[in-house]
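Work through the exercises below with the sequence and the 3D view open. Try each task before reading its solution.

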Amino acid sequence: MDQTLMDKVPPHNIEAEQAVLGALLLNWGAMSDVISNLRPERFYSPQHQVIYGALQALFAKNVQGDTLSLINELTLEGNLEKAGGAAYIASLTDTVPSAANIDYYSDMVLDRSTRRDLIKITQEIKADSFDLGHDSATLLAEAEKKIFALNERNETTVIHEVKNIMIKEIEIIESRYKSKNQFTGVPSGFSRLDIMTSGFQESELIIIGARPSIGKTALALSIMQNIALERKIPCGFFSLEMPFESIGMRILSMEARVDMQKMRSGMLRMDEVKKIQDAAGRWFEAPLYIVDTPNMRLLDLRAMARRMVVNHHVKIIFIDYIGLISTENTAAPVYEQISEISKSLKALARELKIPIVALCQVARDAEGQEPNLAQLRGSGSIEQDADVVMFIHRERLRDDKAAVQDAKIILAKQRNGPTGDVDIMWVPAYATYANKGHDD
């Protein structure tokens, strides 16, 4: 580190720290306003950390905080001398210009604390960057993670008055009334499903589950086709199982309505080649962004998702599939890793304010029966974190592989809406799903 930086005293404001503590002793009711955001470690002075920690203890005990009760608490903790002694405690109320300005003083304390944290993070990033044992991609992801964690910590908890909520809700409803838009979220293109969900809503985690080889990816691609190609809404697609070339061929087959097996073999008619070229032209203009890294780390996925939203204005993200995301703690039991992943994806949806659609396998013992919530892999955490859970159900084809087949989406959970079944069609020639009666 530069010697000039090492010689500098970290940002702090002792007077503001004293003012916060003194104001609390004069106006104990203000403790409820600051305790959710102000922690002992936010204070620069070690003795102020001890004092504020004792005030938190009084608050937890439902004891009125004043000079005498604070001195008594510090004495019981054996921390009175660390806090500067009884005389220093008594002097704190003399340093407060106005107890009414506690929000201003606490904001100053928080600001200096954030600056110190930023300095610490940049020092760590610089030290890690000199260590050639770390690859640059990991360094970037770790740096982003640290900054994001700091930003999350600084988020302020707000109590919303119902009158303000009503004003906002009326504005939303009036806007929808004027636009006559039936759906408040991103439409899937499956009409009955969209009626039931009003589209995929922002900040929601949507799970699509199915037995292996039933068509989770096909349904996700069918939905994505409607969103990115038909509605020109920017989509992100994380394919942890298939390379981007396979995704490209599947979406071409779906759009061109040309048998995928014929596309693979090259045994095509001239009119089919023309259909494929036309479909490629339509996809060429579609706002679709694909990442095909296998066994992608959760950390990298979060970082890439943020970039998609910032750089490409992506409005919905698909992940194929949860079981192939790897966590940092690979030694943990699988259910703990799945729990970490589902919680992280839900938090990411809230942070980015977009729906995230994640695919998930259903246990193999569900073969031949309609899947349910209990059969989700890692079902406890996934079911709890998800806003919407839907399953695909159909019989496996055996004889006529070209036949269009009845299938259905089972909407098993919807936090803010109805549940039920949606009849759809499986079109195996193009490996796609379609609305009932719209398979051409």
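**Exercise 1.** In what order do the nine strands form the open sheet?

*Solution.* This is a predicted model: local features need pLDDT of at least 70, side-chain atom pairs count only at pLDDT 80 or more, and totals for chains, interfaces and linings use all residues. Residues are numbered from 1 along each chain as its sequence is written, and side-chain values use heavy atoms, without hydrogens and water.

Step 1. Strands are DSSP runs of E with at least two residues, and helices are runs of H or I with at least four, numbered from the N terminus.
Step 2. The order reads S3-S2-S4-S5-S1-S6-S7-S8-S9, with mixed pairing. Two strands pair if DSSP finds at least two bridges between them.
Step 3. S3 (288-291) and S9 (432-435) each have a single partner strand, so one side of each lacks a neighbour in the sheet.
Step 4. From one strand to the next, the twist averages 25°.

**Exercise 2.** Describe how S8 and S9 pair.

*Solution.* S8 (residues 420-427) runs antiparallel to S9, over four bridges. Ile424 has Asn435 in S9 as its bridge partner.

**Exercise 3.** Find how helices H4 and H5 cross, and which residues make the contact.

*Solution.* Step 1. The axes of H4 (residues 46-60) and H5 (residues 67-77) come within 9 Å and cross at roughly 105°. Axes are lines fitted to C-alpha atoms, for helices over the stretch in contact; angles run from 0 to 180 degrees between N-to-C directions.
Step 2. The two helices, H4 and H5, are therefore roughly perpendicular (65 to 115 degrees).
Step 3. Contact means heavy atoms within 4.5 Å. H4 contributes Val50, Ile51, Ala54, Leu55, Ala57 and Leu58, while H5 contributes Ser69, Leu70, Glu73, Leu74 and Glu77.

Technical notes. Parallel < 35°, antiparallel > 145°, perpendicular 65-115°, else oblique.
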